[in-house]
Amino acid sequence: MPVPKIIPESVKERSPTGSAPSAASRAQLAAAFAAVYIIWGSTYLAIRIGVTEIPPFFMAGTRYLITSAILYPLARARSAERPTRQHWAAAFLLGALLPAAGNGFLTWAEQTVPSGIAALLVTTVSLWMVILEWVRPGGRAPTARTSVGLLLGFGGILLLVAPWQSMGRVNLIGAGVLMTGSLCWAAGSIASRHLKQPRIPLLRTAMQCLCGGIILFAFGGLAGEVSRMQFGAITHRGWLALAYLTVFGSLIGYSAYSWLLHAAPPARVATYAYVNPVIAILLGWMFADEHLTPRMLVATAVIIIGVIMVIAAPQRVTSPAEHLPETEEAGL
């Protein structure tokens, strides 16, 4: 999910760690961007496959709890830093907004929404970021160019969902849940830049995954997924989908995203919003028999153009906090 360069000035003035930023290595940046560009684009298909056999909240919760069980001991072994109550409060909030609502709602929605369309709807994170920046206390109204991008983006989504059609439209409940998750992801991405969190990115990620996984299992219990969980009915495809999402989507992808939020300017992080839908649409068409209609292709073009206009619109002067953090703190 993308993060455009419209972070509030109060956020830009400092990093959550309070450390002085410097340059991360090109290899680290290249690896992290490859993860969010390519790997996350492929996870939409894996989710689509997984939810056919595993209840969605339990599947999402499992991947994040496994991730936290692996990353947390590694992070504590690498650092003497002990998480404080403030750190855990931030982890709970971000775990609720990012893994639980952001990814959990996406996973639930893909029971009815094709993976390629889900990836397109997720690009609305960039649009929600503009709106959240606008409505916050002391926020700044969008420029004319950004406003046109917003209109194009949401207009393209309306064309994609096509609620006026009785045939060929996107499931409205699934689309609504997915859009809500995208709004939560946008809020969490903004909040992550100014909440007090541990200095080590690996520890931040592990704590967020732990809190998000617990919340997702609570969602699953409330949704009655316990009675629907049948381990004997899960085929190798379901287990492979879960393993792929855990290793590549969470351990690698989410770690890279969490690091990039603090290691690169938001405008650069946001560029993967152009790539993820293309990869997801192609994979859905090739491996999941997801059909593309002329209306969907036009809507795709309109949405991506709108997102590009929003992300590429001229913004305020870059502040020191948008430079890169110290390399020794930036290991994935």
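Visitor: How many salt bridges does a search of the whole structure find?

Guide: The search finds two salt bridges, the term standing for a side-chain nitrogen of Lys or Arg within 4 Å of a carboxyl oxygen of Asp or Glu. This is a predicted model, in which local features need pLDDT of at least 70 and side-chain atom pairs count only at pLDDT 80 or more, while totals for chains, interfaces and linings use all residues. Residues are numbered from 1 along each chain as its sequence is written, and side-chain values use heavy atoms, with hydrogens and water left out.

Visitor: What makes Arg-136 and Glu-133 a salt bridge?

Guide: Their side chains meet at 2.6 Å, N to O, and the pair counts because the limit is 4 Å.

Visitor: Why is Glu-133 called buried?

Guide: Glu-133 has a relative accessible area of 5%, and buried means under 20%, exposed over 50% and partly exposed in between, with a 1.4 Å probe and protein chains only. Arg-136, at 22% relative accessibility, therefore counts as partly exposed.

Visitor: What makes Arg-228 and Glu-225 a salt bridge?

Guide: The closest N and O atoms of Arg-228 and Glu-225 are 3.9 Å apart, so the pair meets the 4 Å limit. Glu-225 is buried, with a relative accessible area of 0%, whereas Arg-228 is partly exposed at 44%.

Visitor: How many helices and strands does the chain have?

Guide: The chain has 13 helices and zero strands, a strand being a DSSP run of E with at least two residues.

Visitor: Which residues make the nonpolar surface patch?

Guide: Val-278, Leu-282, Trp-285, Met-286, Phe-287, Leu-292 and Leu-297 make a patch of about 730 Å². Patch residues have over 30% relative accessible area and no salt bridge, with like charges joined within 9 Å and nonpolar side chains (Val, Leu, Ile, Met, Phe, Trp, Tyr) within 5 Å. Helix α12, residues 276-287, gives the most to this patch, with five residues.

Visitor: Why is Trp-285 called exposed?

Guide: Trp-285, which is found in helix α12, has a relative accessible area of 51% and is therefore exposed, the cut-off being over 50%.

Terms used:
Helix = DSSP H or I, 4+ residues; strand = E, 2+ residues; numbered from the N terminus. Areas by Shrake-Rupley, 256 points an atom, 1.4 Å probe, with all protein chains shown as cover.
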